[in-house]
Amino acid sequence: MNLLLVRILFFVVSSIAGFQILDPHGKGLLGLALGFVAGLIIILLEIGMRRVSVRGLSSAVFGLILGLIMAKLVTDAITLMPVVTGDLPLIRFSLTLIFCYLGMVIGLRGKDEFNIIIPYVRLRRQDQAEELALLDTSVIIDGRILDICKTKFLEGKIVIPRFVLKELQQIADSTDPIKRQRGRRGLEILHAIQKEAGVDISLHEEDFPEVPEVDAKLVKLAKLLEAKIMTVDFNLNRVASFQGVKILNINELANALKPVVFPGEQMRVKLLKEGKEHNQGVGYLDDGTMVVVEDARRLIGQEVSVVVTSVLQTQAGRMIFTKLER
């Protein structure tokens with residue numbers, strides 16, 4: 001049932017209820033108006049509670065119940081003491097108010113570690129029973145995640161946090177044309193992943209208003225859900241790994257899948273530009289690997305046969321050093 005239809009139905013029911021309550025007293029129209037206003041106020045409150053997460057609400061309710069139980073136990077103990085009977089209702093009310101407040105506050109503050117414990121049985125959220133992979137903004141804009149999803153190498157559920165989607169929308173609405181193009185590309189990639197058959201993808205509504213940075217929110221959510229983070233951001237990779245969060249870095253995967261070459265092997269490469277050192281020429285393989293050729297500056301623009309002399313692996317990728325084949 002549509003949410004708008006439910007709200008309209010609630011308006012009608014609350015108005016009729018107000019009319020029925022005050023109609024026996026000759027104030028049916030007033031009751032109709034009061035019922036309508038009461039329904040409007042309740043719906044406005046419901047709209048304002050969109051930011052309240054189910055986990056936070058369940059934690060608050062758990063704390064409230066605990067506070068009521070504690071207040072009941074303490075007031076029952078106080079009744080055994082010689083207390084003035086007339087003061088007992090006030091004491092009971094005050095203690096109930098205090099313990100309920102403390103219980104709700106403690107429940108909300110500890111919502112990240114909130115669990116329901118039954119002797120010998122621990123109940124965990126259903127979404128923790130499977131492998132979860134959180135996508136950050138950089139890996140969505142990068143686009144290679146779509147090809148990985150098509151190959152079915154990624155197992156488990158893909159989760160898009162709401163705050164990541166919000167950041168992506170802000171980039172797509174940027175006044176900078178380059179940023180705007182990157183943001184729109186990211187949104188198109190998400191749409192394509194959603195349409196891909198066999199890919200389990202969902203949007204996670206959890207937000208952390210007290211955490212200003214998106215990367216910090218992502219790390220906190222990954223620790224909470226016991227999920228992995230898929231990214232191409234080098235800094236996020238380091239920070240998350242330091243905090244014990246597993247990282248799936250597409251750049252590292254791409255480097256691992258590049259073909260292995262050994263000194264003495266022959267290859268052909270087209271030289272595109274000068275190298276940093278004197279008389280060097282630089283070309284690239286199909287996978288983007290840089291090939292540096294000694295004494296080849298004069299041959300820039302030509303395809304040449306070279307022999308591998310050494311291979312250097314760096315954090316940015318792999319470089320192959322070669323010399324011209326004699």
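Start with the whole chain: among contacts (heavy atoms within 4.5 Å) between residues at least 6 apart in sequence, 59% join residues at least 24 apart. This is a predicted model, where local features need pLDDT of at least 70 and side-chain atom pairs count only at pLDDT 80 or more, while totals for chains, interfaces and linings use all residues. Numbering runs from 1 along each chain as its sequence is written, and side-chain values use heavy atoms, with hydrogens and water left out.

**The overview**

Switch to cartoon and you have eleven helices and twelve strands. These are DSSP runs (helices H or I, at least four residues; strands E, at least two), numbered from the N terminus. Of the 326 residues, 33% are buried, meaning under 20% relative accessible area, with exposed over 50% and partly exposed in between (1.4 Å probe, protein chains only).

Now color by pLDDT, the predictor's confidence in each residue, from 0 to 100. The average is 81, and 88% of the residues score at least 70. Select residues 115-129: pLDDT stays under 50 there, and the model has 15 contacts beyond four places in sequence for this stretch. Where pLDDT is low, the predicted coordinates should not be read in detail.

**A nonpolar patch**

Next, select Leu-57, Val-61, Phe-62, Ile-65, Leu-66, Ile-69, Met-70 and Leu-73, which make a nonpolar surface patch of about 710 Å². Patches are built from residues with over 30% relative accessible area and no salt bridge; like charges are joined within 9 Å, nonpolar side chains (Val, Leu, Ile, Met, Phe, Trp, Tyr) within 5 Å. Click on Leu-66: this residue sits in helix α3 (residues 54-79) and is partly exposed, at 44% relative accessibility.

**Salt bridges**

Side chains of opposite charge can pair when their charged atoms come close. The whole structure has seven salt bridges, each a side-chain nitrogen of Lys or Arg within 4 Å of a carboxyl oxygen of Asp or Glu.

- Show Lys-228 and Glu-131, whose side chains meet at 3.9 Å, N to O. Lys-228 lies in strand β6 (residues 228-231) and Glu-131 in the loop between β2 (121-123) and β3 (132-135), so the pair ties together parts 97 residues apart in sequence.
- Move to Arg-162 and Glu-205, with the closest N and O atoms 2.7 Å apart. Arg-162 is in helix α7 (residues 162-172) and Glu-205 is in the loop between β5 (201-204) and α9 (214-225), so this pair ties together parts 43 residues apart in sequence. Arg-162 is partly exposed at 34%; Glu-205 is exposed at 51%.
- Finish with Glu-303 and Arg-268, at 3.3 Å, N to O. Glu-303 belongs to strand β11 (residues 303-314) and Arg-268 to strand β8 (residues 266-274), 35 residues apart.

Strands count as paired if DSSP finds at least two bridges between them. Lys-273 stands opposite Val-282 in β9. The β8-β9 hairpin has six residues between its strands, and Asn-279 in the turn has a positive phi of about 65°.

Keep going to strand β10 (residues 290-294), antiparallel to β9 with four bridges.

Methods: Areas by Shrake-Rupley, 256 points an atom, 1.4 Å probe, with all protein chains shown as cover.
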